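Thanks for making time this morning.

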Amino acid sequence: MPKMTLNHFEATLIFALLISIVLGVVTKRTDQERLQYGIKSFGYFLLTVFGLGWLMYFGHR
Amino acid sequence: MLSLKTGMSKAKKEEKHVYPPLPPAGKWLPVVAVSWLVPGAGHFMLKRTYRGAILAGSVLVMFLLGLMMRGYMFEPMSGDLLTTIIYTGGFIGNMATGVLYFMTKWFGYNQPDIAGHTVDYGTKFLVAAGLFNVLAIVDAFEIATGRKD
């Protein structure tokens, strides 16, 4: 099995993307709703990542 | 009039939560079992091909990334309460990937590396793959029992 090294941001991004896809597929009923929910969920994940990232940056100064 | 409307909307809401009676186990149990063993297969059985393919792909990608990041696979361990919860919960999460878990164990694909952030993420990815499959199993169950389209 090849070894892979991801940094924090890459790992979080992939994690958020896959979670958004799965949640969109299982929770909504139409394709349109699924797509919208997936994009919205991914956007919220990104916002949280950047928000917490800045929070930790200022917390460590 | 207002109270009548409120009452009607309340009744409608309650109506929404009433599920149809559970069909015989023979109708949904094979779907649930197959869904657990092979991620996405339950949806294929129910002719939800695209949904099954997306779920199977997500579980597989998450699992493979976890393995490649040299994530750790949990074994049930007893001790203090927190240790028991984490290790047993992690073990159940790993097991939920079905055949992926068994193949990894049988063929020795899981080679945890020395502790580090990548290994830590890998461990979480492996458990998350199992949790994705749990969501897929529940989805397949709801479709098989007629609770979802």
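How many residues does the contact take from chain B, and how many from chain A? Before I answer, please keep in mind that this is a predicted model. The contact takes 22 residues from chain B and 16 residues from chain A. On the side of chain B that touches chain A, the elements that give two or more residues are H4 and H7 of chain B, and the largest share, nine residues, comes from H4(B). Sorted by class, that side of chain B has 14 nonpolar, four polar and four charged residues.

Let me stay with those two helices of chain B. The axes of H4(B) and H7(B) come within 7 Å and cross at roughly 160°, and the two helices are therefore roughly antiparallel to each other. Their crossing is left-handed. On the H4(B) side, the residues that make the contact include B:Val59, B:Met62 and B:Leu65, and on the H7(B) side they include B:Phe125, B:Ala129 and B:Phe132. The residues of this contact divide into eleven nonpolar, four polar and no charged.

Of the 38 residues in the largest nonpolar core, which ones touch the most other members? They are B:Val59, B:Met62, B:Phe125 and B:Ala129. At least two residues of this core are supplied by each of H1 of chain A and H2, H4, H6 and H7 of chain B, and H7(B) gives the most, with twelve residues. If you look at B:Phe125 itself, and leave out residues up to four places away in sequence, you will find that B:Phe125 touches B:Met62, B:Leu65, B:Gly66, B:Met69 and B:Gly71.

Finally, chain A has a helix pair of its own to consider. Helix H1 of chain A covers residues 8-27 and helix H2 of chain A covers residues 31-59, and their axes come within 8 Å and cross at roughly 150°. That crossing angle makes H1(A) roughly antiparallel to H2(A), and the crossing is right-handed. Among the residues making this contact are A:Ala16, A:Ser20 and A:Gly24 of H1(A), together with A:Tyr37, A:Ser41 and A:Phe45 of H2(A). By class, the contact of H1(A) with H2(A) has eleven nonpolar, six polar and one charged residues.

Conventions. Residues are numbered from 1 along each chain as its sequence is written. Chains are lettered from A and ligands numbered from 1 in the order in which they are written. This is a predicted model: local features need pLDDT of at least 70, side-chain atom pairs count only at pLDDT 80 or more; totals for chains, interfaces and linings use all residues. Axes are lines fitted to C-alpha atoms, for helices over the stretch in contact, and angles run from 0 to 180 degrees between N-to-C directions. Helices (H or I, at least four residues) and strands (E, at least two) are DSSP runs, numbered from the N terminus. Angles under 35 degrees count as roughly parallel, over 145 as roughly antiparallel, 65 to 115 as roughly perpendicular and the rest as oblique. A crossing is left-handed if the near helix is turned anticlockwise from the far one by less than a right angle, and right-handed if clockwise. Two residues are in contact if their C-beta atoms, placed from the backbone, lie within 7 Å. Ala, Val, Leu, Ile, Met, Phe, Trp, Tyr, Cys and Pro count as nonpolar, Asp, Glu, Lys and Arg as charged, and the others, Gly among them, as polar. A nonpolar core is a set of buried Ala, Val, Leu, Ile, Met, Phe, Trp, Tyr and Cys residues joined through C-beta atoms within 7 Å. A residue is buried if 20 or more other C-beta atoms lie within 10 Å of its own, exposed if 12 or fewer, and partly exposed in between; C-beta atoms are placed from the backbone.
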